[in-house]
Amino acid sequence: MSTTLIQPTETGIAVKNLINGQWIPGDRTFESVNPANRTHVVGTVPLTPRDQVDAAVAAARAAFVPWRQKSWVQRAEYVDNLAQLIKRDLEALSRLVTIECGKPYNEGKADVVEALHMAQFMAGAGRQHTGYVVSSEIPAKDAYIWRKPKGVVGVITPWNFPFAIPLWGVLPAVVAGNTVVFKPSEETPVLGHKLAELIQEAGFPAGVLNVVHGMGEETGDALVKNKDVNVVMFTGSRAVGSLIKREAVAGEVHKFVATELGGKNAVLVLDDANLDIAVNAAVLSAFKTSGQRCVSSNRLIVDRKLEPQFTERFLEKVRRITVGDGLDPKVFMGPLVNQEGVTKWHFHNEKAIEEGGEVLHHGKELTEGALAHGNFVEPFVYRFEQYKPGTFCLREEAFSPHTCIIGVDGLEEAVRVYNDTDYGLAMAVITEDYRKWRYVRENADFGLGYVNLPSIGAEVHLPFGGVKGSGNGHPAAEGAIDYLTHRVAFTVNHAEEILLAQGLSADL
Ligand code: NAD
């Protein structure tokens, strides 16, 4: 495997909170570092205490009524401004994604392009329908289903799509008339700050979009527990999502939490699969973004008839994967985001060995030469010729370049094995037979399904989210307007007398 590192030249940025249109520096700070070179400080960032989070929520609350009183079209104009600014800064933002979170440049760019698409989509959504007229039992009545904003939305996001994921929630929220307090991931705060700068430049009124930085346990916790937050949009790990769900909604009947969590995703290679597609889809699913996508596949469920050929060709490609600094165009896998990620990768590999996995490619941690200060690891591949139920390694998300080839007999066993986890996020099936993919579509638990593709990939005009332990079925992106608004019933009588439904008497 070739390894390369381009020395970064950027200097650290002094990140500030954006509260009520004002830039507020932190009394206490932490550093955001480049995961390809931890000696490179990308930014110095506020650790925001509870009272400042409360001030941001109060600013959002104060801005809510005037913002709600604008039309959807007027609100969407601000989002259109933002789209133009993202387009203007596309290259610089893409490079910053690579520097702060480690993804290779092409992936960093795809992240920013997805953010741009979300802005374009929501700018257009201002001119789409905002409710429905429905028929009534009484001919003289018009009944409406009307979308009204909920109030203040807290948006808490992970680091792995630092530009796109925040906008999946923030933009539908504001176009629908809500105001927002956004807490970026502590791994990618400089990108959160860049987004805040663009929000200011786009001209959003003070208080409509506020940004507070810090750790989840302090700043995030203050946001989810604030009683004046109506909706929490959380994207991140299952452990934190469950905690937030327990704590944010405890006793708060009005509060809603949407959770977009992790996955134990898989590629299902059926007995009639095109092997070229199968092998390429498997490599992309397991190792793109160094396995750090919520939709990355830790499991390759392969029909036994094809398994030996598949494995040989898969390993051939794995051995050629390049690991290094994502600014090098030859690199396929950048660093893991932090050292805890490396520790977790070792832990999952050790569990796989302990539980009886046959190691096929024992990737190493790379700590020499130009890679000495980064979080670099190679792919880890193992095999279970027979499925072993109840194992940690085949059920828990590794969120790193760690994947298992599992041999199965036929379509039904492939789906049974796929479903045997607490998660239900993404699934790809490789087959030429429409009856087989239809069976998988009907019987597998997933929110994102792919045929003859990797298990990764998203487009903003599709809903993004999972089922079971992967989320509570309220997808982001296209789906977010549904939970960011109340659908209220509104009935208008055009007759000169009162007539009631179900034949109910209106006689006094
Ligand atoms: P994480 O759960 O550690 O952190 C996510 C966010 O939650 C961060 O902003 C963090 O500061 C905040 N947080 C942490 N503790 C908190 C608390 N007690 N209260 C409030 N906020 C708190 O996740 P991560 O490491 O940033 O991201 C990786 C995880 O995210 C993986 O599990 C991945 O699968 C998942 N993910 C899911 C999706 C999806 O759409 N389903 C997308 C991307 C990533």
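How far does a polar side-chain atom of Glu186 lie from an oxygen atom of the ligand? The distance is 2.5 Å. The structure is a predicted model, in which local features need pLDDT of at least 70, side-chain atom pairs count only at pLDDT 80 or more, and totals for chains, interfaces and linings use all residues. Residues are numbered from 1 along each chain as its sequence is written, and side-chain values use heavy atoms, with hydrogens and water left out.

The ligand is surrounded by 28 residues, a residue being counted if one of its heavy atoms lies within 4 Å of the molecule. The closest are Thr157, Glu186, Ser237, Leu261 and Glu397.

The domain assignment, an automatic or database one, divides the protein into domain 1 (13–261 + 471–489) and domain 2 (265–451). Their C-alpha centres lie 31 Å apart. The contact between them (heavy atoms within 4.5 Å) takes 21 residues from domain 1 and 26 residues from domain 2. Together the two domains bury about 2000 Å², of which 54% is on carbon and sulfur atoms; buried area is the accessible area (1.4 Å probe) that two parts lose on being put together, summed over both. On the side of domain 1, Arg38, Trp159 and Arg238 lose the most area to domain 2, together 29% of what that side buries.

Across this interface, 2 salt bridges are found, each defined as a side-chain nitrogen of Lys or Arg within 4 Å of a carboxyl oxygen of Asp or Glu. Arg238 also forms a salt bridge with Asp422, with 3.8 Å from N to O. The elements giving two or more residues to the side of domain 1 that touches domain 2 are strand S5 (37–46), helix H3 (90–101) and helix H4 (105–125); helices (H or I, at least four residues) and strands (E, at least two) are DSSP runs, numbered from the N terminus. H3 gives the most to this side, with 4 residues.

In the whole structure, 30 salt bridges are found.

How values were computed
A polar contact is a pair of N or O atoms within 3.5 Å; within protein, one must be able to donate a hydrogen and the other to accept it, and residues adjacent in sequence count only if both atoms are side-chain atoms.
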